[in-house]
Amino acid sequence: GNMNLSSGLISYIAMPFLGFSTALLFLPISKILLVKQESSIAKQFFHYNLWVAVFTIIAAVSARLDTFLSARLLTSFEIGLYGAASQLVSIIPQLDSSLGVVVAPKFASFQDNKQMLIYFKKVQFLVLGFAFLGILTIPLAVYLIPIIFGQQYSQAIPPFVILVLAMLIFLISLPIHSGIIYYFAKPKVFVWVSMGHLLITGFLGYFLISNYSVIGAAITVLIGMIFNFLAPLFWFLHKLREGVK
């Protein structure tokens, strides 16, 4: 309640660095700094992580492109409505990120498709369960939005519902994405997926937001998440049909 724009931004920026500094206390920093011959694995490191860095940068831009376009094409009040709807669904990407931290090392440890698929199915059922619970909470959120934000924010309800569906699709994509990146070790796939998502969000988003305002922005995110789910899914299934890792 006492924060202004500047102090809010400073806090938002400082918190990740605080978490980073705290995490260092649990690592053997002296041993890490004194390790030798790290150049011997440099080629392997950059071969994998270069593609991770590239698709992360593209994905970061495309994930915010709907916001950039909204800021350009919508009124201040419409931006407020979309911002409120976006903030309400932000817990789902955070849940996806937390689950990703858990499942990533498991996918990286598997040696064959049989092992991977057993774990894949378990994780898929887990995220489908979370998605089902997310759908059940929509009526409660629809009821609470006018109470928490005020009656003028009732117009945020339709984009909120669309964004919830989009984020739930993002959540159920977790096993597929993790399998491709950590089991098949093919982050390069997501460079092309991210570029496709960027084009969809840019061109389709401009049209939809220009014509359908806040609803158009939410639909843009939904279509982008459907693409981010289906494109890796087709690659994943094709790779499994080949029968090799």
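At which residue does helix H6 (residues 113-149) bend? The bend lies at Ile138 and is about 35°; the views below begin with the whole model and then return to H6. The structure is a predicted model, in which local features need pLDDT of at least 70 and side-chain atom pairs count only at pLDDT 80 or more, while totals for chains, interfaces and linings use all residues. Residues are numbered from 1 along each chain as its sequence is written, and side-chain values use heavy atoms, with hydrogens and water left out.

**Figure 1. Overall fold and confidence.** The protein contains 9 helices and 0 strands, where helices (H or I, at least four residues) and strands (E, at least two) are DSSP runs numbered from the N terminus. Its C-alpha atoms fill a box of roughly 60 × 45 × 35 Å along the principal axes. Mean pLDDT (the predictor's confidence in each residue, from 0 to 100) is 91, and 99% of residues reach 70 or more. Confidence is lowest in helix H2 (residues 29-34), with a mean of 84, and highest in helix H7 (residues 157-172), at 96.

**Figure 2. Helix H6 and its ends.** At the start of H6, a side-chain oxygen of Asp112 comes to within 3.1 Å of the backbone nitrogen of Lys114. Just after H6, Gly150 adopts a positive phi of about 110°.

**Figure 3. The largest nonpolar core.** This core comprises 53 residues, and Phe107 and Met116 have the most contacts inside it. A nonpolar core is a set of buried Ala, Val, Leu, Ile, Met, Phe, Trp, Tyr and Cys residues joined through side-chain atoms within 4.5 Å. Elements giving two or more residues to the core include helix H3 (42-73), helix H4 (76-88) and helix H5 (91-109). The largest share, 14 residues, comes from H9. Of the 245 residues of the protein, 36% count as buried (under 20% relative accessible area; exposed is over 50% and partly exposed in between, with a 1.4 Å probe and protein chains only).

**Figure 4. Aromatic pairing around Tyr119.** The protein has 9 aromatic pairs, defined for rings of Phe, Tyr and Trp (its six-membered ring) with centres within 6.5 Å; planes under 30 degrees apart count as stacked, over 60 as edge-to-face and the rest as tilted. Phe110 and Tyr119 form a tilted pair, 5.5 Å centre to centre with 55° between the planes. Phe110 is buried at 9% relative accessible area, as is Tyr119 at 17%. The charged end of Lys106 sits over the ring of Tyr119, 5.7 Å from its centre; the criterion is NZ of Lys or CZ of Arg within 6 Å of the ring centre and within 35 degrees of the ring normal.

Figure 5. Ring pairs link Phe120, Tyr183, Phe184, Trp235 and Phe236 into a cluster. The ring centres of Tyr183 and Phe184 are 4.8 Å apart and their planes lie at 70°, so this pair is edge-to-face. Tyr183 is buried at 2% relative accessibility, and Phe184 is buried at 6%. Ala185 lies in the loop between helix H8 (174-183) and helix H9 (188-242). Its phi is near 55°, a positive value in a residue other than glycine, and at 39% relative accessibility Ala185 is partly exposed.

Conventions
The bend at a residue is the angle between axes fitted to the seven residues ending there and the seven starting there. A polar contact is a pair of N or O atoms within 3.5 Å; within protein, one must be able to donate a hydrogen and the other to accept it, and residues adjacent in sequence count only if both atoms are side-chain atoms.
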